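Please examine the fold as a whole before turning to its parts.

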Amino acid sequence: MSIKLDSLLIHGGVDGDEKTGAVAVPVYQTSTYKQDGLGKTRGWEYSRTGNPTRDALEKLIAELEQGEYGFAFASGLAAINTVLSLFKTDDKLIVSDNIYGGTFRILENVFKNFGIRYEMVNTADIPSVERAITDDVRAIYVESPANPLLTVTDIKAVSEIAHKHGKLLIVDNTFLTPYLQRPLTLGADIVVHSGTKYLGGHSDTVSGLAAVKDKSIADRLYYLQNAIGGVLAPWDSFLVLRGIKTLGVRMERHVKNAQKIARWLESSGFADRVYYPGLESDPGYEIQNRQADGPGAMISFVLNEKYDYRKFFEKLRLITLAESLGGVESLVCHPASMTHAAISPEIRRKVGILDELIRLSVGIESADDLIQDIEQAVKASEKGAP
């Protein structure tokens, strides 16, 4: 029976427990499994290698991304670390020029030590991607929309370039989730997520996920997942499974709120620039509409110089200053000193991550209350005000 995505969120993967009839997948809180004899297992040996609760989540993310194989990790960076471990010394990656600071950090300070190189490219500029392809490039790594400037990359166009040259395309789909965008259907080879964000959805667990279609890639990833060992624990797997069940209704509210707030910000006079691919003025608007089912709920904006951005954060009452995103509560952060502090000031300025840049993860509270909070915080942060 073919079912729609909203139903798949609830019934996909492993639907309940056949043995007991439990509606929710049980938490198999065990490290190891009894074997009936030498070489005679019941399908499970050791929970780093495989666990039924984690397996249910891995099957679900594969289905939601329209892939064949899924993987669950202890964090988004554990997922990225395992995917990057596919490459070897003298391999080179092309990466989006504004990406999550943790991805930049692991490339610059970890994998660079092993001789794996990277070049930062504006992947929204398709000719620039083509020009960056050289014989030693093995993959293109894209975030779309990118963190924190919400830059939209034409995933299908980049996948065609990658495959024409025999390269892999890896897409971080954290900001949109498979509810709004499915990169594997657009030609990506590997999709990764920080499941900590919208998939978990409640700021109460840390996780990472990946999905692929190709069996040969899946076999390599499974070997690395087991060998490196950064797997997701059973209880956290359960929490992400639970979170995904409400992903559809949450994303609808997240996006509705974000669209209202972005339009208000654009007309408020408080921001010099608003980055949000749901605005018609955004350069990625048309591509976003073509390749995704919505613009997401992340907004970044450059606060006008009349206002002190440090004071703005102090004056917020409802919106929380914190790392992370994608929870039911609205969170705000300062990319230059928080999520992207690992990137040098020179690179930050070059790509547009200014000190005045503010990133807002729009939650599911009343949009009017969120607007009221932003407005009062901006007015209270005017320079020269008492």
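Residues 24 or more positions apart supply 72% of the contacts in the chain that have a separation of 6 or more, a contact being heavy atoms within 4.5 Å. The model is a predicted one, in which local features need pLDDT of at least 70 and side-chain atom pairs count only at pLDDT 80 or more, while totals for chains, interfaces and linings use all residues. Residues are numbered from 1 along each chain as its sequence is written, and side-chain values use heavy atoms, with hydrogens and water left out.

The secondary structure of the chain amounts to 14 helices and twelve strands; these are DSSP runs numbered from the N terminus, helices being H or I of at least four residues and strands E of at least two. The radius of gyration, taken over C-alpha atoms, is 21 Å, close to the 21 Å that the globule rule gives for 386 residues, so the chain is as compact as a globular protein of that length. That rule is 2.2 Å times the number of residues to the power 0.38. Along its principal axes, the C-alpha trace spans about 80 × 50 × 35 Å. Of the 386 residues, 55% are buried, where buried means under 20% relative accessible area, exposed over 50% and partly exposed in between, with a 1.4 Å probe and protein chains only.

On the α3 side the contact is made by Leu77, Ile80, Asn81 and Leu84, and on the α4 side by Gly102, Thr103, Arg105, Ile106 and Leu107. By class, these residues divide into five nonpolar, three polar and one charged; Ala, Val, Leu, Ile, Met, Phe, Trp, Tyr, Cys and Pro count as nonpolar, Asp, Glu, Lys and Arg as charged, and the others, Gly among them, as polar.

What covers the buried part of α4? The buried residues of this helix are Gly101, Gly102, Thr103, Phe104, Ile106 and Leu107. Their cover includes α3, the strands β2 (92–96), β3 (117–121) and β4 (137–143), and helix α13 (345–351).

Helix α3 also packs against helix α8 (residues 215–228), at an angle of about 120° and with the axes 9 Å apart. This makes α3 oblique to α8. Here Asn81, Thr82 and Val83 of α3 meet Leu221, Leu224, Gln225 and Ile228 of α8. The residues of this contact divide into four nonpolar, three polar and no charged.

A further helix pair is formed by α10 (residues 247–268) and α14, whose axes come within 9 Å and cross at roughly 35°. The contact is made by Asn257, Lys260, Ile261, Trp264 and Leu265 of α10 together with Ala367, Asp368, Leu370, Ile371, Ile374 and Glu375 of α14. In this contact there are seven nonpolar, one polar and three charged residues.

Val378 is found in helix α14 (residues 367–380). With 1% relative accessibility, Val378 counts as buried. Leaving aside neighbours within four places in sequence, Val378 is in contact with Phe270, Leu303, Tyr307 and Phe312.

The backbone geometry remains to be considered. Most residues other than glycine have a negative phi, and most peptide bonds are trans. Gln66, which is not a glycine, has a positive phi of about 60°. Gln66 lies in the loop between α2 (52–64) and β1 (69–73) and is partly exposed, with a relative accessible area of 45%. Thr177 likewise has a positive phi, near 65°, but is found in helix α7 (residues 177–180) and counts as buried at 0% relative accessibility. A cis peptide bond joins Ser144 and Pro145, with omega about -5°, and Pro145 is in the loop between β4 and α6 (155–164). Another cis peptide bond joins Asn147 and Pro148, with omega about 15°; Pro148 also lies in the loop between β4 and α6.

Note on methods:
Axes are lines fitted to C-alpha atoms, for helices over the stretch in contact, and angles run from 0 to 180 degrees between N-to-C directions. Angles under 35 degrees count as roughly parallel, over 145 as roughly antiparallel, 65 to 115 as roughly perpendicular and the rest as oblique.
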